[in-house]
Every structure is written in structure tokens, then in C-alpha cells.
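Colleague: I would like to know what stands behind the terms used for this model. Please take me through them.

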Amino acid sequence: MADCLFCKIAAGEIESELVHESGGVVAFRDINPAAPTHILVIPREHIESADHLTETKGVLLGELFATIAGLAEKEGLGDGYRVVTNIGRDAGQSVDHLHFHLMGGRQMSWPPG
Ligand code: AMP
């Protein structure tokens with residue numbers, strides 16, 4: 001999508017600290033980290049949010065979560081980590097391209113704010 005920040009990052013048009021790249025999935029460090037490890041895992045395909053997922057995206061979702069698990073292991077998050085996806089303005093979604101926040105390296109609190 002022409003005007004999407006994360007599409008541009010996935011295409012290499014905007015610089016980011018990439019930590020993983022495949023044909024379908026890209027992961028990069030969040031520019032404003034909220035935890036010692038804070039990585040965004042996204043599909044290359046433009047999907048607005050998890051609210052726009054359909055059953056046809058099952059394989060892609062599997063790859064996204066396998067990527068998250070692999071990165072968590074690489075980052076040494078064996079004691080636990082959090083995966084968050086915000087959907088819509090009330091939840092705090094600020095970029096309208098599906099992304100999973102992989103956060104870890106500190107004790108998380110619950111419920112989230
Ligand atoms: P959300 O608020 O759930 O939509 O998450 C968007 C995330 O993207 C925020 O945590 C931002 O800090 C992060 N972000 C925004 N611009 C960039 C960028 N250019 N590179 C890396 N992360 C970014």
C-alpha cells in the first residue's frame with residue numbers, strides 16, 4: 001500500500017533495525033521500545049489489523065507466530081514474553097498495518113493499561 005509506513009519498511013524504502021526477513025514476514029525493532037526487547041513482527045502483505053484477518057490467512061499467521069517464537073528464543077526470553085496486537089484507536093493502534101509487538105526482558109504487569 002503506497003502510503004503505509006510498515007509497507008515501506010517491509011520494502012526497504014524506510015530504514016529500520018531489521019531482525020528477521022522472509023518472503024512473507026518482516027521483523028524489526030520498535031523505534032520507541034517499551035521493554036528491553038521490543039520487536040514488531042509484520043506480514044509483508046498489507047492487512048489493516050487482526051480484525052481484517054480471514055481463515056485464508058492461516059498459513060501466514062502460523063509463520064508470524066513461528067517467527068515470534070524463534071525471535072523470543074534468540075533474544076533469550078525463556079522466562080516469558082508478551083505478544084500484543086492493538087486493534088483500532090481505542091486499543092491504541094497507531095499504524096494501520098497488522099503488527100505483533102513482541103516484548104520481553106522485564107516483568108510485565110497485568111492488566112495492561
Ligand atoms: P501500535 O501503536 O500498536 O499501532 O504500534 C505501532 C508501533 O510502531 C509503536 O510502538 C511505534 O513506536 C512503532 N513505530 C512507529 N514508527 C516506527 C518506525 N519507523 N520504526 C520502528 N517502529 C516504529
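Modeller: Along the sequence the protein reads α-β-β-β-α-β-β. This is a predicted model, where local features need pLDDT of at least 70 and side-chain atom pairs count only at pLDDT 80 or more, while totals for chains, interfaces and linings use all residues. Residues are numbered from 1 along each chain as its sequence is written, and side-chain values use heavy atoms, with hydrogens and water left out.

Colleague: What makes a stretch a helix or a strand here?

Modeller: DSSP runs decide: H or I over at least four residues is a helix, E over at least two is a strand, and numbering starts at the N terminus. The protein has 2 helices and 5 strands.

Colleague: Why does the radius of gyration agree with a compact globule?

Modeller: The radius is taken over C-alpha atoms, and the globule rule is 2.2 Å times the number of residues to the power 0.38. For 113 residues a compact globule would come near 13 Å; the protein has 14 Å, so the two agree. The C-alpha trace spans about 35 × 30 × 30 Å along its principal axes.

Colleague: How do you know that β1 and β2 pair?

Modeller: Pairing needs at least two bridges found by DSSP between two strands. β1 (residues 18–21) and β2 are joined by 3 bridges and run antiparallel. His 20 faces Ala 27 in β2. A hairpin of 3 residues connects β1 to β2.

Colleague: Which strands pair with β5?

Modeller: β3 (residues 37–43) pairs with β5 over 5 bridges, in the antiparallel sense. Leu 40 stands opposite His 101 there. β4 (residues 81–84) is also antiparallel to β5, with 4 bridges. Arg 82 has Met 103 of β5 as its bridge partner.

Colleague: Why is β5 called mostly covered?

Modeller: Buried means under 20% relative accessible area, exposed over 50%, and partly exposed in between, with a 1.4 Å probe and protein chains only. In β5, 5 of its 5 residues are buried, so the strand is mostly covered. Phe 100, Leu 102 and Gly 104 point one way, His 101 and Met 103 the other, and all are buried. In the protein, buried residues make up 35% of the 113.

Colleague: What counts as a contact, and what share comes from residues 24 or more positions apart?

Modeller: A contact is heavy atoms within 4.5 Å. Of the contacts with a separation of 6 or more, 54% join residues 24 or more positions apart.

Colleague: What makes a space a pocket and not a cavity?

Modeller: Both come from a 1 Å grid over the protein atoms alone. In a cavity, a 1.4 Å probe fits but cannot get out; a pocket is an open set with protein on both sides within 12 Å along at least five of seven lines. Lining residues have an atom within 4 Å of a point. Volume is the space filled by probe spheres set on the points, which are joined across faces, edges and corners.

Colleague: How much space lies in the largest pocket?

Modeller: The largest pocket holds about 310 Å³. Its lining has 19 residues, with Phe 6, Phe 28, Asp 30, Ile 31 and Leu 40 closest to the centre. α1 (5–10) and β2 (25–29) each give two or more residues.

Colleague: And which residues line the second largest pocket?

Modeller: Among them are Arg 82, Met 103 and Pro 111. That pocket holds about 210 Å³. Pro 111 is joined to Trp 110 by a cis peptide bond, with omega about 5 degrees.
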